[in-house]
Amino acid sequence: MKRISKLLLVTVGLLSMMGCRMANRSRAQGKPVPAVRVALVQRTTVVRTVQLLGTLQGEQQVMVFPKFAGRVTEITRPEGSSVTAGEPIGYLVNDIPGMDYKPGPVLSPITGTVGKIYVEVGQTVNPATPFAAVASFASRLRFKAAVSDADLPFVRRGAKAELFFSSFPDTTFSGTVSQVSPMLDPMSRSATVEITVANPQGRLVPGMAGSARLVAEEKRDVLAIPLAALWTTDDSRVVVVANGTARFQPVTLGLRGDELVEVTSGLTLGEKVATIGKERIKDGEPVTVVEEEPK
């Protein structure tokens, strides 16, 4: 038993000596200093935008239905043709056996362009059958989109909008909110927003799908930092870097924009906050600034 006890004491002593040597070697080598990227706390404008998806419609756009049942005998205004209000788009005849009817016209209710013909010559139609779509879009069109119930309070008539269409990837079109539905669809929890879009060169046509960007909220001349300075799990603090040392700083936030967030307390103008690499550091730890975000 005495021999076993002595052996255990010797083993523990050797392990303790080895641990001390390893710790001393680690201190001698030194721990790597974490590198972070920082951004300045600056006074600027914070903007939050709303992105909407929708479709273009003519300034005036109608579906044309025949007034009576019959067989299509002629299409007088094919797709792409101009038509004036009261002018025939096509003709029908009610050819009931034993009856002698003359072809009757299907008239356009507005002046515009025939965008779509839904029937063919020889087809039998009735007053519930769509015959054609006519739209007026010479100088302006309407962009109709759905807005969520959360963003609806921030969308107002007269607001400016930027519109984008895949057919013109390098072009931004300007528009103005002309109408906002006061009611929500109970199924989708969204309302309809209508944006009037100028079309001076006639490049845009009804049916084009696109997106619109509206300014929902904006605050000018406020202290702000990039969204990247916030923790993904805790936005009540940031990492301030000063004299090569990182410290955790509680903050109170205001408007959260697309790229920046307003800071209402906790930071001062000109301080530096970590944006990249902050997850790897501890409070009070020395850091190296490798790059600074552009102002």
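Among contacts (heavy atoms within 4.5 Å) in the chain between residues at least 6 apart in sequence, 71% join residues at least 24 apart. The structure is a predicted model, in which local features need pLDDT of at least 70 and side-chain atom pairs count only at pLDDT 80 or more, whereas totals for chains, interfaces and linings use all residues. Residues are numbered from 1 along each chain as its sequence is written, and side-chain values use heavy atoms, with hydrogens and water left out.

The chain holds one helix and 19 strands, these elements being DSSP runs numbered from the N terminus (helices, H or I, at least four residues; strands, E, at least two). Of the 295 residues, 35% are buried, where buried denotes under 20% relative accessible area, exposed over 50%, and partly exposed the range in between (1.4 Å probe, protein chains only). The accessible surface of the chain amounts to about 17700 Å², and 55% of this surface belongs to carbon and sulfur atoms; the areas come from the Shrake-Rupley method with a 1.4 Å probe.

A pocket is here an open set of points on a 1 Å grid over the protein atoms alone, where a 1.4 Å probe fits and protein lies on both sides within 12 Å along at least five of seven lines, and lining residues have an atom within 4 Å of a point; grid points are joined across faces, edges and corners, and the volume is the space filled by probe spheres set on the points. The lining comprises 14 residues, of which Gln61, Gly115, Lys116, Ala135 and Pro206 lie nearest the centre of the pocket. Two or more lining residues are given by each of strand 2 (42–64), strand 7 (112–117) and strand 9 (132–148). By residue class, the lining divides into seven nonpolar, six polar and one charged, with Ala, Val, Leu, Ile, Met, Phe, Trp, Tyr, Cys and Pro counted as nonpolar, Asp, Glu, Lys and Arg as charged, and the others, Gly among them, as polar.

Ser211, in strand 13 (residues 209–226), counts as buried because its relative accessibility is 18%. Not counting residues up to four places away in sequence, Ser211 touches Leu52, Leu53, Phe143, Glu162, Leu163 and Phe164; Phe164 is 47 residues from Ser211 in sequence, yet the C-alpha atoms of the two are 5.4 Å apart. Asp151, in the loop between strand 9 and strand 10 (160–165), likewise counts as buried, because its relative accessibility is 18%. Beyond its neighbours within four places in sequence, Asp151 is in contact with Arg48 and Val50, and the side chains of Asp151 and Arg48 are joined by a polar contact of 3.2 Å (a pair of N or O atoms within 3.5 Å, one able to donate a hydrogen and the other to accept it).

Most residues other than glycine have a negative phi. Arg189, in the loop between strand 11 (168–180) and strand 12 (190–198), has a positive phi near 55° and, at 43% relative accessibility, counts as partly exposed. Asn243, in the loop between strand 14 (237–242) and strand 15 (245–250), also has a positive phi near 55°, and is exposed, with a relative accessible area of 83%. Ser166, in the loop between strand 10 and strand 11, is exposed at 69%; its C-alpha atom is separated by 8.0 Å from that of Ala209, 43 residues apart along the chain.
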